Amino acid sequence: MKKVNYFCGVLGLLFSAYIWISSAAFPVDKVMKIGPDFFPRLMAVGMIISSLALLINTHLHNSTAAAETISFRDPGIRRAIIIFIGALVYAFAMTYLGFIPSTIIFMMFMMYKLQLKSYGRMFIVSLLTALAVVGAFQGFLDIQLPMGFLENFF
Amino acid sequence: MDFGLYLTCLINVLQPHTLLVICLGAIGGILVGALPGLTATMGVALLVPFSFGMSMDVSIGMLLGLYCGAMYGGSIASILIRTPGTPAAAATLLDGYPMGQKGEASRALSMSLWASFIGGLIGCGIMTFLSPQVSVFALKFSPAEYFALAVFGLSIIVSISGNNVIKGLMSGFFGLILCTVGSDPISGFPRYIFGQMELYEGPPFIPTLIGLFAVSEILSGVEKFSIGSTKITEKVTQILPTPADMKRCMVTICKGGLIGTFIGAIPGAGGDIAAFVSYGEAKRSSKTPEKFGTGMIEGVAAAESANNGCSGGAMIPLLSLGVPGDSVTAILLGAFIIHGLQPGPLLYKDHIDVVYMVFASLLISNIAMFIIGACGVKFFAKIIGMDKRMLLPIILVLSLIGSYSMRNSFFDVFLTLAFGVIGYLFQRYGFPLPPILLALILGPMAESNLRRELVISQGSPAIFLQQPIALFLMGLAVISLLMAYVSQRKVAKRVAAAASETETNTTDKK
């Protein structure tokens with residue numbers, strides 16, 4: 001955890017420095033005097049102080065706690081990354097395919113990655129979820145969901 | 001107070017048709033509150049057009065039923081899937097979700113319902129008997145007082161940071177910097193939007209919340225998933241809290257109801273702020289504050305009683321001054337105007353029957369919410385026992401659609417996924433998420449009121465020490481910080497002493 005804390009402390013300092021420097025480009029408010037750069041800079045100072053406190057505290061105290069590292073060889077991490085990419089593709093696909101087909105495909109994919117073996121159950125759960133969401137949002141609350149090529153049917 | 005007229009209005013509200021509409025409103029409110037991405041404000045706004053053709057008492061009853069239902073309903077998603085259904089339920093997830101994970105979902109849900117009911121009754125009672133007096137107090141809030149309230153709320157960051165206060169402060173400052181994204185509240189200058197007009201109003205609150213809490217938890221659940229851990233076994237199934245739990249939480253609930261009512265009475269300060277302040281107070285006054293965040297029932301009780309107490313509190317400035325207490329009452333103001341009434345001091349003078357009708361409707365709405373919610377507790381708790389291989393995809397789809405539904409925007413969906421990754425990394429490396437949430441709620445209020453007050457005082461910060469209420473709130477913030485620090489030192493000593501005692505016992509046994 002020591003290395004992680006050093007890394008996070010330095011990242012905090014760099015982030016604060018970016019906020020401080022970028023806010024210099026904000027226009028000066030000649031009427032109000034206190035312009036749009038005031039609060040970001042104030043918070044950047046707070047972040048600098050707490051980042052330094054983290055670095056100093058880490059240096060002074062020997063932490064025996066181990067940080068959970070991210071290893072791409074870990075099957076769990078790989079599964080999470082694949083599902084995250086799947087979610088991104090799902091969001092893109094929804095625009096073209098519409099909510100129902102893309103949701104069925106994505107949910108079945110996710111259940112498959114979570115080692116559910118029954119394809120019938122996967123399909124039924126996905127279909128019922130998609131229809132329930134359409135019913136609740138579009139039918140009851142009148143919030144339009146992207147329908148894609150099914151727009152003419154709903 | 002004309003008790004005869006009040007009773008007459010109560011009997012009118014108890015007519016079958018009005019009662020049915022209130023119940024339907026409460027059911028709708030619970031559903032709206034429970035679905036991530038839908039807020040009480042949205043639900044009330046959607047129902048207002050339906051109230052055109054209804055009589056005044058029926059339409060107000062329906063809207064208040066939905067309001068009370070939604071304030072409770074938000075806790076269902078918080079406890080079961082770590083996604084606050086409404087911003088006001090954000091504090092509930094701190095202890096509600098861990099309780100669900102320990103197989104105590106129905107215990108958490110039943111306490112949430114009970115605390116919501118009692119908190120709502122307290123708010124209703126104060127609204128009925130003390131509206132004019134409380135509204136005079138609420139009117140004294142200038143920008144200095146609002147800033148001091150925000151600082152007091154932000155001081156809770158230390159107490160909800162868990163074991164690592166420094167990382168909690170870093171999370172809080174990250175959240176406060178995030179609040180500066182979007183147009184500057186005074187000059188309108190766009191800050192850090194990188195050409196994306198969707199960020200002009202700042203990072204949208206609900207998608208950010210869903211990403212940080214729900215999506216990050218789903219990613220973590222997917223990573224740690226194993227075939228043997230597909231279900232959580234529910235240990236207790238109950239509809240109402242046990243007498244022991246009720247006794248344990250009664251003081252917390254009463255304090256939460258009072259805190260929620262008074263904060264709700266301040267225009268612009270809503271259930272989310274009230275819930276966190278009440279949670280912070282419950283933790284501060286607890287004998288075991290270190291256990292908060294791990295599944296303490298008092299944490300759920302404090303948050304829920306405050307956010308439902310807020311429903312009565314927010315009605316106080318609306319009825320007595322015509323100033324809405326929060327976004328929901330702003331829409332209720334529209335409902336009054338549709339029916340040809342103008343809330344304010346003249347409403348008390350010319351239409352006192354309408355005022356008493358609102359008091360009676362809120363009372364019946366709270367009771368309806370309680371009965372309907374109690375019927376659903378066991379059903380809702382069963383959701384946590386579902387196979388995770390099916391539950392995780394359902395929650396992810398609901399979360400993404402909830403984010404989309406706010407503005408019909410895919411940008412919000414991608415933002416949710418991005419914050420999901422940020423939340424996942426924050427948690428993995430020991431940075432708590434609740435301080436970010438608190439900062440997102442209070443940051444805009446803090447910045448705009450700080451700058452307004454500094455402009456009024458021409459740059460002199462001494463103005464914050466010259467306003468009595470602001471000074472009092474600042475003092476409370478300092479005391480809260482000191483007490484949190486002292487409490488953490490005591491807890492650390494207690495934990496160290498317990499650890500060395502265990503080590504001594506182990507050595508003796510050898």
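I take angles under 35 degrees as roughly parallel, over 145 as roughly antiparallel, 65 to 115 as roughly perpendicular and the rest as oblique. Axes are lines fitted to C-alpha atoms, for helices over the stretch in contact, and the angles run from 0 to 180 degrees between N-to-C directions.

**Ground rules.** I am working on a predicted model, in which local features need pLDDT of at least 70 and side-chain atom pairs count only at pLDDT 80 or more, while totals for chains, interfaces and linings use all residues. Residues are numbered from 1 along each chain as its sequence is written, and chains are lettered from A and ligands numbered from 1 in the order in which they are written.

**Helix pair.** I looked up α3 (residues 75-97) of chain A against α18 (residues 410-428) of chain B; their axes come within 10 Å and cross at roughly 175°. α3(A) and α18(B) are therefore roughly antiparallel to each other. Helices (H or I, at least four residues) and strands (E, at least two) are DSSP runs, numbered from the N terminus. I noted Ala87(A), Leu88(A), Ala91(A) and Thr95(A) on the α3(A) side, meeting Phe410(B), Val413(B), Phe414(B) and Leu417(B) of α18(B). The residues of this contact divide into seven nonpolar, one polar and no charged. For these classes, Ala, Val, Leu, Ile, Met, Phe, Trp, Tyr, Cys and Pro count as nonpolar, Asp, Glu, Lys and Arg as charged, and the others, Gly among them, as polar.

**Chain contact.** I then looked up the contact between the chains (C-beta atoms, placed from the backbone, within 7 Å). The contact takes 45 residues from chain B and 52 residues from chain A. On the side of chain B, α17(B) gives the most, with eleven residues. By class, that side has 31 nonpolar, five polar and nine charged residues.

**Core.** Of its 205 residues, Leu63(B), Tyr67(B) and Ala148(B) touch the most other members. Leaving aside neighbours within four places in sequence, I find Tyr67(B) in contact with Gly29(B), Ala40(B), Val44(B), Ser311(B) and Val328(B).

**Positive phi.** I looked up Asn408(B), in the loop between α17 and α18 of chain B; its phi is near 50°, a positive value in a residue other than glycine. Asn408(B) is exposed, with 11 other C-beta atoms within 10 Å. Tyr192(B) also has a positive phi, near 55°, and is partly exposed, with 19 other C-beta atoms within 10 Å. The cut-offs are 20 or more for buried, 12 or fewer for exposed, and partly exposed in between, with C-beta atoms placed from the backbone.

How values were computed: Two residues are in contact if their C-beta atoms, placed from the backbone, lie within 7 Å. A nonpolar core is a set of buried Ala, Val, Leu, Ile, Met, Phe, Trp, Tyr and Cys residues joined through C-beta atoms within 7 Å.
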